[in-house]
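Here is a quick tour of a two-chain model, meant to be read with the structure open beside you.

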Amino acid sequence: MPVLEVRGVSKRYGKNLVVDDVSFIIEEGETYGLLGPNGAGKSTTIGMIIGILQRDAGTIRIDGAEHSVTNSRTKALIGFAPQEIAVYKDLSARDNLRFFARLYGLSGARARAKADEVLEMVGLSDHAGEAVSTFSGGMARRVNIGLSLLNDPKLLILDEPTVGVDPQSRNSILESVQALTRGGLSVLYTTHYMEEAERLCDRVGIIESGRLRAEGTQRELVAQVGEDDTVLVTLGGPADKALDRLRALDRVSEVSADGTRIRLLTEDARGVLPSVLRTLTEEDMDIRSVEVQEPDLEAVFLRLTGKGLRE
Amino acid sequence: MRPVVISALHVRRVFRDRTNIFFVILLPFLMVFMMGLMYGESRPVLGLVAPQGSEFGDRLVEALEEEERIDVLRVEDDRMRDLVESGDAHAGLVVPDDYDARVSEGGRVELEFVTRSGDASAVDMGIWVRSVVAQESSLLSTAQVTGTVRDEDFGERLERAEETEVAGVRVDSVTTGESAFPEGISSHSLAAPPLLLLYTFITALTTCLGIVQSRRSGVLRRMYATPTSAGAIVFGEALGRFLIALVQALLILVGSALLFGVDWGDPLATTLVTTVFCMVSAGAALLLGSLARTEGGALAAAVGISLGAGALGGTMVPLESFEGTMAELAYATPHAWGYDAFSTLVRDQGSVGDVATNLVVLLGFAVALMGLGVWRFRSAVTG
């Protein structure tokens, strides 16, 4: 049974259809990346999943149970870390954790114990009593994420958890997420950093203009959009004389030249590369460098949305 | 239970803030003390320069000293001028050294009345000094006139003039109605109630800042994402504001009673008026916190509204001094209704029945503001 099941969910603000018939599931222990440009409908989709926004159509099930804004039982199964540092900055990390633990229904003693446990987990035990306003960006992010772990959730929703943190803290956060999923936690992850999605996510859904345009593993997505590999060869002289022979090679779909540089599109760069190099050598051409670019999520995203992820 | 957790957090946040220790705890008492002094139990001082051993001069000094509402301080000329310049005396009066001789000869005597520019108390003092001098002057004139028909010593003639009853015109002053400031009530008892209203409202209203911060930082969204209903969040936030207002009001109530001996009157009626006014304040805070877009805007509006409504409602200048349109406009604020209620309780020792109308109107304010506040805040929570 999926931990999260989103089926035909739509949301409209006035005449504006912000989320349009979105469906996807997240299995236990799976990390699902929801990617989309700004204004694509990610935040609204997340708002409906965490139960703070009413949906106009569709169903959401958490661990098999129908989920809604009034269902406190299913809300208790979700941990949510918003992209903002959503904490009381004048309070200490410990006080913030204790307060939210109480909101998750933990009694005073259990809330205190859980807060200490989470502080340990996010590596802030030594700063537990300090006001969050005195923390660095990375430390505040860790408090933000820590708050989402207080209820031992089955589904963790991380909305751009690494925005504004230094590379070291980012790496630490990503490692923490990987450790959590190894423990069986399911994660819904949004990010503007493609490398994070590639590193963390088992599957990715690409949302644009409120619709889920594509979803699957990275390999599946690349196959879906039919993106070719690119081979870039830089020569010591003009590239023109070898072009016709290169175009005649098997599995090569397109060849173009720009001065001393040849750009070749193929469905299998590694397979076709020996033939390319042999052809160029036979033509007595001076090969300076060779670069192979296999399509990645960024390319898929660009093809599907016409925009870069950070636009 | 969750509303209690939310409200307790806000009470703690406000009262453990070091800045608030001054503004919420110390400043109100300082103001009660200062305002108490301004309403004035100390009497205005007249610095008097008069020749020692002067027969007729001493008569004038005695006449001046008879007035109980004024302290007469007999000093040297230089000292008198220093006292007036520094404001320690509200006016000075100089009786010349040759006062006796000139009075006896029937000559014109000029007394120098010294005031500091802009001292309002000096005007009252001047009126009073002139009235005393006029009385003394009339006796001296009579004694001088009788000298033209009887060959007696001036002193004997003055004595005779004093003993002679002359029918004339006099003004009898009578008062009607009850005094706004009854005799015997302490000045702190006049100062404390309006300051309770002012500080309770401003302390509660400035907590709207926390609501705006919670909205903008995403804390509110996060709270709603927990298994906490929108109703529980709204109730908790409203309860927090009410408790903050109540703690502020109780601090002033109890503190002013203990420190300055303020008698707040009927405990039940005082509790009811205070509680309902705290509800008004909490409702206003919830509404403003839900409407304001930025923290800066919220704070500016909170301070502006608090001071504006406070001034209009009689918490800075006594409501009794308002006239015409201002006096009517004042009752558009909850402060004026609270002021009237506390006046009835503190000055006239009224009961719940005497402030029933005030309570109903204040309850109306509370229901309206709290209703609007809850509606707007709930919309902010549920998006």
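This is a predicted model: local features need pLDDT of at least 70, side-chain atom pairs count only at pLDDT 80 or more; totals for chains, interfaces and linings use all residues.

A:I157 is worth a click. Setting aside neighbours within four places in sequence, its contacts are A:I46, A:I49, A:I50, A:I78, A:G79, A:F80 and A:L188.

## Chain B

Chain B is built with 16 helices and four strands. How does its radius of gyration sit against the globule rule? For 383 residues the rule gives 21 Å, while chain B comes out at 30 Å, well over that, so the chain is more spread out than a compact globule. Its C-alpha atoms fill a box of roughly 105 × 45 × 35 Å along the principal axes.

As for the inside of the chain, 40% of the 383 residues of chain B count as buried. If you take the contacts in chain B with a separation of 6 or more, 77% of them are between residues 24 or more positions apart.

## Two helices side by side

Now find α8 of chain B, residues 187-206, which packs with α12(B) at an angle of about 30°, the axes being 8 Å apart. An angle under 35 degrees counts as roughly parallel, so that is what α8(B) is to α12(B). The crossing of α8(B) past α12(B) is right-handed.

Which residues make the contact? From α8(B) they are B:L197, B:T200, B:F201, B:A204 and B:L205. From α12(B) they are B:F277, B:C278, B:S281, B:A282, B:A284, B:A285 and B:L288.

## Chain A

Chain A has eleven helices and 14 strands. Its C-alpha trace spans about 80 × 45 × 35 Å along the principal axes. Of its 311 residues, 44% are buried. For contacts in chain A between residues at least 6 apart in sequence, 67% link residues at least 24 apart.

## A closer look at A:T191

A:T191 sits in the loop between β8 (186-190) and α7 (194-200) of chain A. Is this threonine buried or exposed? The cut-off for buried is 20 or more other C-beta atoms within 10 Å, and A:T191 has 24 such neighbours, so it counts as buried.

Beyond its neighbours within four places in sequence, A:T191 is in contact with A:G33, A:E160, A:T162, A:E196 and A:A197. A:P37 is 154 residues from A:T191 in sequence, but their C-alpha atoms are 9.9 Å apart in space.

## Where the chains meet

The contact between the chains takes 22 residues from chain A and 17 residues from chain B. On the side of chain B that touches chain A, α1 (2-15) and α10 (219-225) each supply at least two residues. The largest share of that side comes from α10(B), with six residues.

Methods: Residues are numbered from 1 along each chain as its sequence is written. Chains are lettered from A and ligands numbered from 1 in the order in which they are written. Two residues are in contact if their C-beta atoms, placed from the backbone, lie within 7 Å. The radius of gyration is taken over C-alpha atoms; the globule rule is 2.2 Å times the number of residues to the power 0.38. A residue is buried if 20 or more other C-beta atoms lie within 10 Å of its own, exposed if 12 or fewer, and partly exposed in between; C-beta atoms are placed from the backbone. Axes are lines fitted to C-alpha atoms, for helices over the stretch in contact, and angles run from 0 to 180 degrees between N-to-C directions. Angles under 35 degrees count as roughly parallel, over 145 as roughly antiparallel, 65 to 115 as roughly perpendicular and the rest as oblique. A crossing is left-handed if the near helix is turned anticlockwise from the far one by less than a right angle, and right-handed if clockwise.
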